Structures are given as C-alpha cells and as structure tokens.
Amino acid sequence: MFNMTNSDIKFDKTRDNAQGNVSKECGASLDSAADSIVFSRADDARNAQREFAKANATFKNNLLNAIANAIESNAEFIEKANLKDIEKAKSNGMDAGKLDRLVFNKERIIQSAKSVKKIAQLQDPVGQVVRGYTLENGIRLSQVRVPIGVMGMIYEARPNVTVDVASLCIKSSNAVILRGGSAAENTNRATITVIRQVLKDSGVSENLIESVDDLGRSGATSMMHAHGHIDVLVPRGSANLIAAVVKESTVPVIETGAGNVHIYVDKTANFDEAIPIIINAKTQRVGVCNAAEKLLVDKSIAKEFLPKVASELAKHNVLIHADEISYNILSDANINGIKLEQANNEDWSTEYLSLQIGVKVVNGVKDAVNHISKYSTGHTETIIAQDYLTINEFVSSIDSAVVMVNASTRFTDGGEFGFGAELGISTQKLHARGPMGLIEMTTTKWIGYGDGQIRA
C-alpha cells in the first residue's frame, strides 16, 4: 500500500495553476474561461464513466476496499492537510458548528474508511430490475437501474463528504465533479489525491473523480452552468448556498435542505425517555443538519417538564430562546446556569447550528403540527409520546422527509439508515427524498426484447 507525501501531489499542484491561467486568458471573462475548463473536465469524467460502467460488482467492491485501505494508511497525510485548514479557519473566526464539521482527524478519517468498506458490502443497484412484463405482442419489457452519469457536488467545510460521495459514485458506476470549498481546500486536495492514485493503480481513469476546487468560486458557478455536461447537481451546506445553486443552476438540482428540525413533546410523553432524546438531538453534534433546533411542549405538561429539560440543557451550555409562556415558566424556576432569552419571530425559522434552541409551548398535537408546517424546512421532525392515536396523527400530518417517533433526530443519516454513507439528505419530493444512498444515485431505463414485432 502506498503512502502519500507532499511530493506526490502532482495532480493537484498542476491544477493549482488553473486559477491563474483562467485569470490570464485573453479575450475571455473569468467565468467563460472557467466554463471551458469545467466543461472539459466534465466531458472527461463522462468518458471515464462510460468505460467504468462496464465494471462488474466484484471489481467495484475490490476498488472500494483498496480506497478504504489507502485512506487508512494515509490518515496522517490527510490529517496534516486538515490541520492547515483548521488553523486557517480558526484565524478567520469560523464558528464552532462549522469548525466541528471541518475537523477530519485520524478518528474521523478511519471512520470514513470503514464507511467505504460498508459501501463495498452493499448490493450493487446497477442492473437491478425494477419491474418487467410481457406485452400482448410478445415484447418482453424490463425497467432496470442504471447510473445517472456525471454527478456534481457543491459543498462547504465537509471533508468527509469527499470520501462519501466518491465512494457512492464508484459503487453506483457514476462519475463525480467535486467543489468542496476553500475552507477544506487542503484536506480535499489530499483526500482526492489518495483516491485518484488508487484509481490509476487499478487501471481506472482518474477522471472518474474530478475536482474544480482549484478554480475557486468560478468553478462552482461553471458547474451550475454545465447543462449537457453534468447530469445532476447536489448542493450540500448552508441555506444560502443551496438557494444560490437552485436559483443559478441550469443543471437539474437535487435540493438538500437546511435542517430547522423540531421535537414535539406530547402530554403522554415519558419524561425519562424524552429528556435524553432532546439532549442527544441538540448537543451530540451541533453543526449538523439533523440536530434539533426547536422544542415544542404540550401546555398541559409545560410547568413540570420545561424546568427538568432546561436544567439538563443548562449543563450543556445551551442558550434557550423561549416564547412568552415558556420564558415565564423558566424565569420562575431559578435554574442554575440557565441561559435564557425571549424568542423573536426570526427564531422560529432559524437553523442555529450551535448550542441554541427555540422553545415554545403549544396546545396539543394539532397546534404543534401547524407550527412545524409553517416553519420547518422539511428535514426531520420527532414526536415523543405514548398515545398511539396522537403518534399516528403527527406522523400522518407532518410533511417532512423523515419523521421519528420516540427517537433522536440524529438518526437521519445515510450511515445510520444502513446506506454506508450518503450523498446528502434531500428535502424535495422528486426522484429522491431523505438520506440519499446508492438507489437514489441511479435512474432507470426500459429495455424491450422482441423477435420482429412491428407496430400496426
């Protein structure tokens, strides 16, 4: 197994010059020059994908295991690159939530490698028959899963996404163009170099996994304009990033939504069960889209329940933005160490991605559903309750990608769902919804087998 050093990054060093070359190109704007480079790389990726689509499941699994082993053996190399990004992010004042996502230390690198091995163990979706039947004229029809083709991924400060997406694309026989953002530039460069070296050593075109990080923001913009070169674009990051890609892109976009995630505690809830769920959902990792951002509590239990949960939130240094009723309850409770503010209208639509939570007292499940329907981003909502009818009403009324019952919102994750990893969590309704794994990275085509039939 090879080990990378700084001298091994020939691929990336060469491409580092692309930014300058774009700027110097005569007679062309920065964007048009970047378009030319990005379109060319996407076309190279398509050619690589068409050849790679012939690979069988065994070859792809062996390739993924080789990539996992290479990531493990080069963990120190990748971690050193990540430390440069962390140092730069701290000096730029990056907030704690984003900084947590940016960290790609040895522990997380090894976990990513394990995810790659998990993907290798999953069933290959390519070639699966979705349905099939024979027409009256004797033509045998089959609808089968096929790769989408060239995926585009624009994401921020999430170096684990580089490994996850590259691996999922390999397993599903897709190519991918990556734009991982300036915050994780060194980490992504190191990781992509390791992956592409394995491709090369395995006789696979390195163009299967492409990057446009060297082109800066112009590279991302050109990806959005690459209709006919990139088949689908997936933005993953802040609400502003996702909105910008949706607005600007001429390429079909799968939206991965921001996570204004709610937990509703019903009057039939088990308090001993509810409080650990809330603490886990809010504090285990604050900078992720499946972290709880809002807590809704039935009014009949508010005076008893709110001081209990607020006391635990205080131990984790969580700032509570409380509506008038909950603010009065918590102000009178004299909770040690509590951080409490009155909520404003903006709080209910805010994804904090930090140690903050909005708390509101509601008048039963219908009121909770109405509030969630107004402010949710359609990501994940949880109900904590024991009454079956109440649970059923909540589950059937909530129109989000994932609804959990008596469980933490943190389980909305491709790895936790058994996908090995995820492309992202789709909050739209077409093609894919919720965590996107291998199945969601395929489309279908129809194959008809005849023996000379003609249409009358």
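# Pockets, a helix pair and an aromatic pair

Q: Starting with the largest pocket, how many nonpolar, polar and charged residues are in its lining?
A: In this predicted model, the lining of the largest pocket has 13 nonpolar, 16 polar and 15 charged residues.

Q: What volume does the largest pocket have?
A: Its volume is about 1200 Å³.

Q: And which residues are closest to its centre?
A: Asn160, Arg285, Val288, Arg410 and Asp413, out of the 44 residues that line the largest pocket.

Q: Which helices supply at least two residues of that lining?
A: Helices α6 (96-102), α7 (106-121), α8 (159-171) and α11 (239-248) each do. The largest share comes from α7, with five residues.

Q: OK, the second largest pocket. How much space lies in it?
A: About 580 Å³. It is lined by 20 residues, and the closest to its centre are Glu156, Arg179, Gly181, Arg217 and Leu241.

Q: Which elements give two or more residues there?
A: Those are α6, β3 (150-155), α10 (217-224) and α11.

Q: And the classes in the lining of the second largest pocket, what are they?
A: Nine residues are nonpolar, five are polar and six are charged.

Q: Back to α7. At what angle do α4 and α7 pack?
A: Helix α4 (residues 57-73) and α7 pack at about 170°, and their axes are 8 Å apart. Angles over 145 degrees count as roughly antiparallel, so α4 is roughly antiparallel to α7.

Q: Which residues in α4 and α7 meet?
A: From α4 there are Asn61, Leu64, Asn65, Ile67, Ala68, Asn69, Ile71 and Glu72; from α7, Ile109, Ile110, Ala113, Val116, Lys117, Ile119 and Ala120. By class, this contact has ten nonpolar, three polar and two charged residues.

Q: New topic: how many aromatic pairs does the count come to?
A: Four. One of them is phenylalanine 271 with phenylalanine 305, whose ring centres are 4.9 Å apart.

Q: Why is that pair edge-to-face?
A: Because the planes of the two rings are at 65°, and planes over 60 degrees apart count as edge-to-face.

Q: Where do phenylalanine 271 and phenylalanine 305 lie?
A: Phenylalanine 271 lies in helix α12 (residues 271-283) and phenylalanine 305 in helix α13 (residues 302-315), so the pair ties together parts 34 residues apart in sequence.

Note on methods: Residues are numbered from 1 along each chain as its sequence is written. This is a predicted model: local features need pLDDT of at least 70, side-chain atom pairs count only at pLDDT 80 or more; totals for chains, interfaces and linings use all residues. Side-chain values use heavy atoms; hydrogens and water are left out. On a 1 Å grid over the protein atoms alone, a cavity is a set of points where a 1.4 Å probe fits but cannot get out, and a pocket is an open set with protein on both sides within 12 Å along at least five of seven lines; lining residues have an atom within 4 Å of a point. Grid points are joined across faces, edges and corners, and a volume is the space filled by probe spheres set on the points. Helices (H or I, at least four residues) and strands (E, at least two) are DSSP runs, numbered from the N terminus. Ala, Val, Leu, Ile, Met, Phe, Trp, Tyr, Cys and Pro count as nonpolar, Asp, Glu, Lys and Arg as charged, and the others, Gly among them, as polar. Axes are lines fitted to C-alpha atoms, for helices over the stretch in contact, and angles run from 0 to 180 degrees between N-to-C directions. Angles under 35 degrees count as roughly parallel, over 145 as roughly antiparallel, 65 to 115 as roughly perpendicular and the rest as oblique. Contact means heavy atoms within 4.5 Å. Rings of Phe, Tyr and Trp (its six-membered ring) pair if their centres lie within 6.5 Å; planes under 30 degrees apart count as stacked, over 60 as edge-to-face and the rest as tilted.
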